[in-house]
Amino acid sequence: MQYKIALLRGDGIGPEIVDSAVRVLKAVGEKFGHEFLFTPYLIGGSAIDATGKPLPEETVAGCLASDSVLLGAVGGPKWDTLPGHLRPEKALLGIRAAMELFTNLRPAKLYPALKAECPLREDIVEKGFDIMIVRELTGGIYFGDRGYREGKYGEEAFDTECYSRMEIERIARVAFDCARKRRKKLTSIDKANVLETSRLWRKVVHEIAAEYPDVELQDMLVDNAAMQLVRNPSQFDVIVTSNMFGDILSDEASQITGSIGMLESASLGNTKRGLYEPIHGSAPDIAGQGKANPIATILSAAMMLLYSFDLADESAAIVKAVDKALEDGLRTADIARGGEALSTTQITDEIIARL
Ligand code: IPM
Ligand code: MG
């Protein structure tokens, strides 16, 4: 089979980690007899430098014409002072919206080989955890009305959170379906003691729950959830939450796995075409030095094989190769804790050798 993959390398460490994942995909293609055709497109700061826009039209058209999209990361200090609508981050929100990717799957699990990297207490680490965060991705405050105005105290800025019943229903169904395939426990995270959007969220999630009597549903307030994630992460199976809460909680969840450099993600909509990216950012401080951990991006490519192309064996082969490399003690700087650290290319070579 032939698969067309759009590559959005982006900024900072983006190009290095995407190139690593491409090498892994090529190796998988050779081994299993698939052809992956890669076409690069500009996004983020590098797109601003080349075209003046963070998300050029050709990029959107190219992504929509491909079978799937692999993204590195966007942003950097060079573009930090641009107005909001011209910032690199706007391109990320824009491409998610243009592709109608309302679901963001962010798995956070503790690798046995990385237990020593987990910052939590030993008895908590011993229990382990395997969480799937289902983050709503195209609604809420990141997409709401915003602006500046004159207020009681002079200049003020505002952003608004808005969720429709439809948006909550569809993400709730994704989360319930996901829980059904796992340990059948869903935690819906909101701030229903304060926010109207959260009260609608909670109401609608409970209505959808009636379609899933086999899944246990629990509500949790977001402040409590932030605490529970470090107090007892093993209590969670699937989490469903809004765009902003999911953004914040997934960073927290990543750190208890040992490193944010390990967490992959899949952004999905109603078609097979998804966008796959590490949850971490562009890390401009280490860009171009070969220090970046490419594992999150390599695992994102594995998610692409599974969710967009239904290539379960090929996907599992990548996950297994990463596991093996970690079990063999191979580490990049972020998880080496002062020990021997491999470069981005070296760890990629080692993962490919274990395919
Ligand atoms: C993420 C990032 C993005 C987000 C930013 C860069 C727009 O933090 O993917 O988690 O908020 O979604
Ligand atoms: Mg984030």
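Which helices and strands each supply at least two residues of the lining of the largest pocket? Strand S3 (68-73), helix H4 (88-98), helix H9 (243-256) and strand S12 (275-278) do so, where helices (H or I, at least four residues) and strands (E, at least two) are DSSP runs numbered from the N terminus.

This is a predicted model, in which local features need pLDDT of at least 70 and side-chain atom pairs count only at pLDDT 80 or more, while totals for chains, interfaces and linings use all residues. Residues are numbered from 1 along each chain as its sequence is written, chains are lettered from A and ligands numbered from 1 in the order in which they are written, and side-chain values use heavy atoms, with hydrogens and water left out.

**View 1. The largest pocket and its lining of 23 residues.** A pocket, on a 1 Å grid over the protein atoms alone, is an open set of points with protein on both sides within 12 Å along at least five of seven lines, and its lining residues have an atom within 4 Å of a point. The volume of the largest pocket is about 490 Å³, a volume being the space filled by probe spheres set on the grid points, which are joined across faces, edges and corners. Glu89, Leu92, Arg96, Arg135 and Asp247 lie nearest the centre of this pocket, and helix H4 gives the most to its lining, with 4 residues. By class, the lining has 10 nonpolar, 4 polar and 9 charged residues, where Ala, Val, Leu, Ile, Met, Phe, Trp, Tyr, Cys and Pro count as nonpolar, Asp, Glu, Lys and Arg as charged, and the others, Gly among them, as polar.

**View 2. The largest cavity, with about 50 Å³ of space.** A cavity is a set of grid points where a 1.4 Å probe fits but cannot get out, and the count comes to 1 cavity of 30 Å³ or more. The residues lining the largest cavity are Glu161, Tyr163, Ile189, Asp190, Thr197, Ser198, Trp201, Thr241, Ser242 and Phe245. Strand S8 (185-190) and helix H7 (196-209) each supply at least two residues of this lining, and H7 gives the most, with 3. The classes represented are 4 nonpolar, 4 polar and 2 charged residues.

**View 3. Helix H1, residues 14-32.** The 19 residues of H1 reach 27 Å from the first C-alpha to the last, close to the 27 Å expected at 1.5 Å a residue, the expected span being 1.5 Å times one less than the number of residues. Buried means under 20% relative accessible area, exposed over 50% and partly exposed in between (1.4 Å probe, protein chains only); among the buried residues of H1 are Glu16, Ile17, Val18, Val22, Val24 and Leu25. Just after H1, glycine 33 takes a positive phi of about 75°.

**View 4. Leucine 37 in strand S2 (residues 35-41).** Leucine 37 is partly exposed, with a relative accessible area of 31%. Not counting residues up to four places away in sequence, leucine 37 touches Gln2, Tyr3, Lys4 and Ile5, contact meaning heavy atoms within 4.5 Å. Leucine 37 and tyrosine 3 are 34 residues apart along the chain, and their C-alpha atoms are separated by 6.0 Å.

**View 5. Alanine 47 in helix H2 (residues 45-51).** Alanine 47 is buried, with a relative accessible area of 0%. Leaving aside neighbours within four places in sequence, alanine 47 is in contact with Leu42, Gly52, Lys53, Pro54 and Pro56.
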